[in-house]
Each structure stands twice: as C-alpha cells, then as structure tokens.
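I'm opening my notebook on this one and jotting down what I look up as I go. Overall picture first or single residues first? I'll start with a term I need and then see.

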Amino acid sequence: KIEKDLAAARIKLEKAVTDHVLAENERKVQSDEDMNNRRINKAMEWMTAAQDAMNQINELIGNSYSAQLDKLEEYQEANTQAGNDEQERISALVEKKVITEEEGEARKRVAEEKTAKKHEELERKKAQLKRKQAIYDKAISAMNIGLNTAMAIMKLWVDPGWPTALPMMAVVGALGALELATVLATPIPKYAKGTDYHKGG
C-alpha cells in the first residue's frame with residue numbers, strides 16, 4: 001500500500017512539475033507577445049505622430065507655394081495691364097500727332113516685346129516653382145505611402161497575429177509597393193511646350 005501511495009505521489013508530483021513548466025512557458029510566451037505588442041503600439045504611435053507632423057509641414061509648405069504662385073500671377077496681370085496701358089499711350093501720342101505713325105508702330109513693337117519678355121520671365125519662374133512643388137509633393141507622397149504601409153503591416157501583426165497575417169501582410173506590402181511605384185513614375189512638370197504669348201508660341 002505504501003509503495004502504491006508512493007507511486008501515486010510520484011505521478012502527482014511529475015504532473016505538478018510538468019504543469020508548472022507548461023504554465024511558465026505559456027507565461028513567457030504571453031509575456032513575449034505582450035512585449036512585442038507594446039513595441040508595435042509604440043512604433044505605431046511614433047509613426048502616427050510623424051505622419052501628423054509631416055501633414056502639418058506639408059500644408060504649410062503647400063500654402064507657401066500657392067502664395068508664391070498667386071503673387072507671380074498678380075505680377076503677370078500687372079505686366080499685361082502695363083503693356084496695354086503703354087500701347088494706349090502710344091496710340092494717343094499718334095492721334096495727337098506728337099509722333100508719326102511709323103514711330104508709333106516702332107514704339108508699340110518695342111513695348112510689346114518688353115511685355116512679352118517680362119511675361120516669359122514670370123512664366124519661367126512659375127514653371128520653376130511648380131517643378132519644386134512637384135518634387136516636394138512626390139517626396140512627401142512616397143514617405144506617406146511608406147508610413148501607411150508599415151502601419152498597416154504592424155496592425156496585421158497584432159490582429160490577426162503571426163503567422164496568420166503573413167498572406168495579408170504580403171498583399172499590403174505589394175499594394176504599398178505598387179502605389180509607391182505609381183507615385184515615383186509620375187513625371188515632374190517641365191517648361192518644355194512653350195506658351196502662347198511669346199515668339200515661337
């Protein structure tokens with residue numbers, strides 16, 4: 001009877017030790033998962049904060065570009081108006097016989113060329129500004145796509161979790177790469193096609 005009780009006690013002890021080891025392993029695995037989840041959540045908080053900061057900076061810089069473009073367009077309108085005023089002044093001088101018609105035509109041509117040259121210079125500045133803005137927008141878009149893709153992958157890592165999320169992570173990564181490729185393939189505008197208000201069109 002004592003041997004039987006001793007054997008039962010040994011079995012009970014071995015079961016208790018095994019249960020303890022399994023519980024300890026499970027606790028360690030859970031602790032590792034909790035640690036990973038905390039790290040992922042911290043990384044997502046950082047990425048969200050970075051994205052918010054980038055959006056605010058992007059808005060400020062976008063407003064700055066818009067204000068500069070508006071100012072250049074105002075200069076263009078003023079230049080056109082000044083050119084028209086000069087043409088009218090020359091016509092008035094011809095009508096009053098202060099200058100001859102030939103001299104009036106010559107002065108009109110000079111005034112027209114001066115207006116067109118100034119207009120072309122302003123248009124070139126606008127084109128340069130638009131190019132800078134396009135380069136900046138492309139860089140910001142690429143960064144946003146990278147952050148969004150990383151955040152989506154991290155969310156999948158947490159829910160539904162590893163390794164179930166692997167196929168979904170692959171799809172999200174591929175879609176992010178495709179979106180990034182589209183943005184990078186978008187051409188930057190150039191002053192190549194000319195305009196309709198100076199020699200040569």
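**Entry 1: a term first.** Before I say where anything sits, I need to know what a helix is here: a DSSP run of H or I with at least four residues, numbered from the N terminus. I also note that this is a predicted model.

**Entry 2: Asn79.** With that term in hand, I looked up Asn79 and found it in helix H1. Is Asn79 buried or exposed? Its relative accessibility is 13%, and the cut-off for buried is under 20%, so Asn79 counts as buried. Which residues does Asn79 touch, apart from neighbours within four places in sequence? I wrote down Thr115, Lys118, His119 and Leu122.

**Entry 3: Glu88.** I stayed in helix H1, which covers residues 2-95, and went to Glu88. Glu88 has a relative accessible area of 56%. Exposed means over 50%, so Glu88 goes down as exposed. I also checked Glu88 against Lys108, which is 20 residues apart from it along the chain. The C-alpha atoms of the two are separated by 9.2 Å.

Entry 4: Next I jumped to helix H3, residues 166-185, where Leu166 lies. Leu166 comes out at 40% relative accessible area. That falls between the cut-offs of 20% and 50%, so I call Leu166 partly exposed.

**Entry 5: stepping back.** How many helices and strands does the protein chain have? I get three helices and zero strands. Read from the N terminus on, the order is α-α-α.

Then I looked at the overall dimensions. The C-alpha trace spans about 140 × 25 × 15 Å along its principal axes. For 201 residues, a compact globule would have a radius of gyration near 17 Å, yet this protein chain has 36 Å.

**Entry 6: surface and contacts.** Last, I took the contacts between residues at least 6 apart in sequence. Of these, 75% join residues at least 24 apart. Asn79 in helix H1, with its contacts to Thr115, Lys118, His119 and Leu122, is where I'd look again in the viewer.

Definitions and conventions:
Residues are numbered from 1 along each chain as its sequence is written. This is a predicted model: local features need pLDDT of at least 70, side-chain atom pairs count only at pLDDT 80 or more; totals for chains, interfaces and linings use all residues. Side-chain values use heavy atoms; hydrogens and water are left out. Helices (H or I, at least four residues) and strands (E, at least two) are DSSP runs, numbered from the N terminus. Buried means under 20% relative accessible area, exposed over 50%, partly exposed in between (1.4 Å probe, protein chains only). The radius of gyration is taken over C-alpha atoms; the globule rule is 2.2 Å times the number of residues to the power 0.38. Contact means heavy atoms within 4.5 Å.
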